[in-house]
Amino acid sequence: MTKRYLILEDGSSYPGEAFGALATTTGEIIINSNMMGYQESITNPIYHNQIIVFTQPTIGNVGINHKSYESIVTSIKGVITREYSDTTLNHQHKQSLDTFLKQHEIPGIEGIDTRELAHRITKKGTMKASIVDVDDEHAFDQLNATVLTNQQVSQVATPKPYPNPGNGFNIIVIDFGLKQGILRRLDERDCNVVVVPWDTSVERILSLDPDGIVISTGPGNPADLPKSIIKTIQSLQTQFPLLAIGLGHELFAIANNAKVYKLETEHHGSNHPVRKIITNQVIYVSQAQGYAVDYDSIDRNTLITTYIDLYNGTVQGLRHRDYPAFSVQFSPDGEPGPTIASDIFDEFLENIGSQRR
Amino acid sequence: MINQNINKVLIIGGGPSKVGQENELDAAVFQTIVSFKRVGVKSIVIDDNPYSIATTEIQPASAYIEAVTLDNVVAIIQNEGPDAILPTLGGPNAIKICQKLVEMKILAKYSVELLGLSKAALKLIGNPLRFSQLMKEVQEPIISSTIVHSNAEAFDLVRQVGFPIIVKPVLSSINSRRTICNSFDDLEIALSESFTDSTLNRCVIEKSIVGYKELSIIGIRDPNGTKLIINGVEDIDAIGIHSGDSIAVSPIQTITDSVYQRLRKATLNIMEQLEIIGACEVSFALNPDNNDYFVTKVTPNYNRGFALATLATGYPLNYVTAQLVLGNGFADIHLPHAYAKLTTFMEPLMDRILIRIPLWPFDSLKTVDQHLDQSMKSIGSAVGIGRTVEEAILKAMRSSQFNPRDVLPNMEELSDDEMISQLIHPKASRILVLIEALRRNYPVEDLSELTKIDPFYFKRLQKLLAVENLVVKEPLTEESLRTAHRRGFGDGMLAAAWQTDLDKVRYLGKLKNSVPTYKMIEPSAGEEAHSIRSFYSSFERENESHQLSDRSALVIGRGGNRLGPNSAADYYTSEVLIQMHRLGYKTIIMNNNPNSVSLSPQLSDKQYIEPIQIGAILNIAEIEKPAIVVVPGNRHYLVRQLRQYPDLKVVVLPPDQETGVTLPQKTSFAMNFFVTKDESRFINTVKLASGKNHELKDISHLAFPYAIDDDKLAGLITDAKELISSSYWKGLVQILVLEDQGLFKVVGIRPIRIIETIFLNRISNVNWIKMLVKLYTNQLTTEDLNKTFKNLSFIPFAEMKPKFPFIDLKVDQEVGSTNQEVGAEINLDPPEDE
């Protein structure tokens, strides 16, 4: 057992035992309270450059399986858990989480009081953290001196377009850090999908002859992206049915003159009641957000709020009054978490269908 | 919103405890009454379980101490005219009664609303046909059985469903022959046997799911249709062993999120279809090879699973459900201040692991077939809660040891043949056999194949063995102490392994700062600010439990249920908590029985879910510094250990009977006294009867009154007082008298035992547990005593009979002894012929 440390910007240090890679890394630390699905979270591109603390007490239980990837490239900066539990390998999981993390150069620390960490981070908000061999002054100096990049999207999004053929509608997915759950849901609906880079121009998208547009999830602050993206969305929403998810939802809101703010307490879990306003139905969905759309900034002549988080009051969904364009903050594909909201993809395809009629 | 038409609800109680039903139903009824009361709704309860806190704490006029039968329920409906009836907390019997009430249109006739179950859900219970219809409606898979008439038909069917399958004869002359077949050769033999057995020459063929994972999920739904999941439970043992006899884990550990989401969705769909208001448990069998699943059971009424869910998550399930059945939605419910906002509405999260180990009655019932199979044989269980699976397993093992001695379990004496046999055909000591097999270096894959237990759990046990090795190899080092603590080893265990005394281990712990940190059992994984006072220990960084009060009483709960007067002891413990609280103490309960009533959050100011072991008690005492430590019931070993710590003011109630009692072989009746240091006062006489010839050890049947001539009684009282004054007993003291051909003789003395104290409470207008608690805390004044005895009165008639588990456990025995009781019933109606 190798002793290593998680150190935080606030000066605290947590000794624990290493698993995964022995790399030294720095990132933003966040709490993930999903009770299952560590593989989905670890491979979700929205966690690019972040260190994930799992409140579920043990991870590794079911190894790594080929059906639970959210991306091929995994770029988180670390995994913190109370306990790493391995198991024997079988045809369903041919790789252990430990091996997987080693292959991807991601360090993990186990044996940490993650409940205390959850208390701390819930109280103090997100902060910088490092996983290091020695928790000396030098390590803290390094941590404090590190400036985290705000170029996350360009680092995780695909640099080149690629297709996922199907026989149905032609959907262009703009990748800001796409999680594969979205592709799986479109695939289940037999869509012909082309994934394009985040900075693809409107002209290029038009040349692909889309039936509908999906603006994907992604990491980071929407304000860090160039204004041209906003212009692209403003143009596309007038021409095609559009579905925006996660970071995409935030960009869609900005494109329609709403404001986005950083949450004091980020939320990465699936236990909040979310109300679908039109039906009054309350559902539980997979949420992972550090930013939210400012409810008061929404121009009610342009946008309708469709979903609201009953716990923290955050806007969870928007719809354009004039165009068949809508968005959700949460992940309607689940992975990890409930899949009850996957009917949003049907709604999107219905929009396309009625547009074509 | 609350349904304004409901002001009075009849709650059907669970009746006497039995196999598969301890005090959890009573705890649920009690908590429901509290919740109803909060919104001004009156409860009426029918129950003949003498050990019911619900019928004790409710207004006496609202408690019907009667057998839970259709006739009695109908009579109460006619008498009381309740607005609604709640059948979900009374077990299968209450459901059956309610099904009849609906069939006979009695509810309609008296305009009594059915609460907690839709008509569809009510019909579903105990009706396999309705179950398969429901599953068809929601398009969820079940194990279907098909009747075949010929070999050809059977072979065709099996080609479709695949092996293994089970063949059963229809209307067999031989009881329940079930043959598992893995090949067409097996099938041919089984068919020829079964067709011969069947009086109709037909067989049932169904897919065998033996070896599948057994999982259950509990959800809750409000009248607005909002549904959330409370928790999931995974049985470590695969299907083939009754779920009640399996070691259970919450949350679910060995399936992926995508598989879990399918089960979650199925659970919610079923609840929607049944229009459940309140909680519902759905059980699944999951094929671990391909993740195909079947729904095996839907339980819309309260059972052990609901009690476990509450303890595991900290979600106030009973309180919330009571509000939901009255018409409130999740958002309308006002919880006590200890809960963070919107707790009712948030899906519970767990940052801890709970493991439940069943307890079997084989020590008290030597003739039972000890092999675990599809019928439940355990009569209790104990839980361990920890931050890791290993820690929870070990704490559950420590909690489930009847004898509170801490010893590293070992099964060296088991031969390899016997071990393999027990791996395949498990017995009660299952977990110890698994550990022993690993000790002998059986490969995990092979063990998993033999037992159908997920390799994940063997890996955890291996980790525990590695810690054990370290402990043995490096006695009294910081490294081994710290590692052992973090994996759930108790100080007593370490002291035994290191052949040193407990204090030395504890001293080392303090020196090296390896001391427990208590974690709150709350449903948000640390994300919300709760101030719930329910804790378990871990050895980590942050301690969340602090001294409750400088005047607190630490009450040591009974732990897992066993045969013998255990449900009575749990009731007694609850009464002690209530009375201590009323006397101004802040009460702290320590227990690990998920089905106990004494862990109801309304009964104490603080709860610790811990093994009942001296080390764990001392750790809690260190934080709480209790003014008094109360040990309800006779636990000689534990009490002796506690008395070694003079700082702990230990009170044993009833007083420890290890020495100083005179017990005759036979006795006819008892005279009860209340004894203070100054005087002894006569309370009453109670008839003691047993199945066998007045043998004291078999006595468990109590009756009141016991008529005796006044003169003779006066003489006996004088004799009795003399005997009492020469003993050192205080409080409730019992003099045993033998009647022989009209002659009476004082033959014994002892403190009044738990079941007889409860009986005394039930038949008189005095709470004798309160009197005892007052006496032992020096708060009983002479005026109190005078007043009590001046106003002392008795009901005209009562008898209390034990319940034995012989039929459930297929034991050929009719008369049982006290230590074989599983529960009791009380009857207050005088016999007709008097």
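Me: How many bridges join strand 13 of chain B to strand 14 of chain B, and do these strands run parallel or antiparallel?
Reply: First, some ground rules. This is a predicted model, in which local features need pLDDT of at least 70, side-chain atom pairs count only at pLDDT 80 or more, and totals for chains, interfaces and linings use all residues. Residues are numbered from 1 along each chain as its sequence is written, while chains are lettered from A and ligands numbered from 1 in the order in which they are written. Strands (E, at least two residues) and helices (H or I, at least four) are DSSP runs, numbered from the N terminus, and two strands pair if DSSP finds at least two bridges between them. Here, six bridges link strand 13 (residues 278-286) of chain B with strand 14 (residues 293-299) of chain B, and the two run antiparallel. For example, B:Ser283 has B:Lys297 as its bridge partner in strand 14 of chain B. Six residues lie between the strands of this hairpin, where B:Asn291 takes a positive phi near 65°.

Me: In what order do the five strands of the open sheet in chain B stand?
Reply: In a regular strand the side chains alternate between the two faces of the sheet. The order in this open sheet is 3-2-1-4-5, with parallel pairing. Strand 3 (63-64) and strand 5 (113-114) of chain B each have a single partner strand, so one side of each is left without a neighbour in the sheet. Further in, three bridges join strand 1 (residues 8-12) of chain B to strand 4 (residues 84-86) of chain B; there, B:Ile11 stands opposite B:Leu86.

Me: At what angle do the axes of helix 16 and helix 17 of chain B cross?
Reply: Two packed helices are described by the angle between their axes and the distance between the axes. Axes are lines fitted to C-alpha atoms, for helices over the stretch in contact, and angles run from 0 to 180 degrees between N-to-C directions. The axes of helix 16 and helix 17 of chain B cross at roughly 130° and come within 9 Å. That makes helix 16 of chain B oblique to helix 17 of chain B (under 35 degrees counts as roughly parallel, over 145 as roughly antiparallel, 65 to 115 as roughly perpendicular and the rest as oblique). Residues are in contact if their C-beta atoms, placed from the backbone, lie within 7 Å. Helix 16 of chain B contributes B:Val444, B:Glu445, B:Leu447 and B:Ser448 to the contact, and helix 17 of chain B contributes B:Pro455, B:Phe458 and B:Lys459.

Me: How many residues does each chain bring to the contact between chain A and chain B?
Reply: Chain B brings 39 residues and chain A brings 39 residues. On the chain B side, helix 10 (257-273), helix 16 (444-451) and helix 17 (455-473) each supply at least two residues. Helix 10 of chain B gives the most, with six residues.

Me: Into which domains is chain A divided?
Reply: Domain bounds come from an automatic or database domain assignment. Chain A has domain 1 (3-148) and domain 2 (153-356), with C-alpha centres 27 Å apart. Between them, 21 residues of domain 1 of chain A are in contact with 23 residues of domain 2 of chain A.

Me: And which strands make up the closed barrel in chain A?
Reply: The seven strands run 1-2-8-6-4-3-9, with mixed pairing. The twist averages 35° from one strand to the next. Strand 1 (residues 3-8) and strand 2 (residues 13-20) of chain A are antiparallel and joined by five bridges.

Notes. Contact = placed C-beta atoms within 7 Å.
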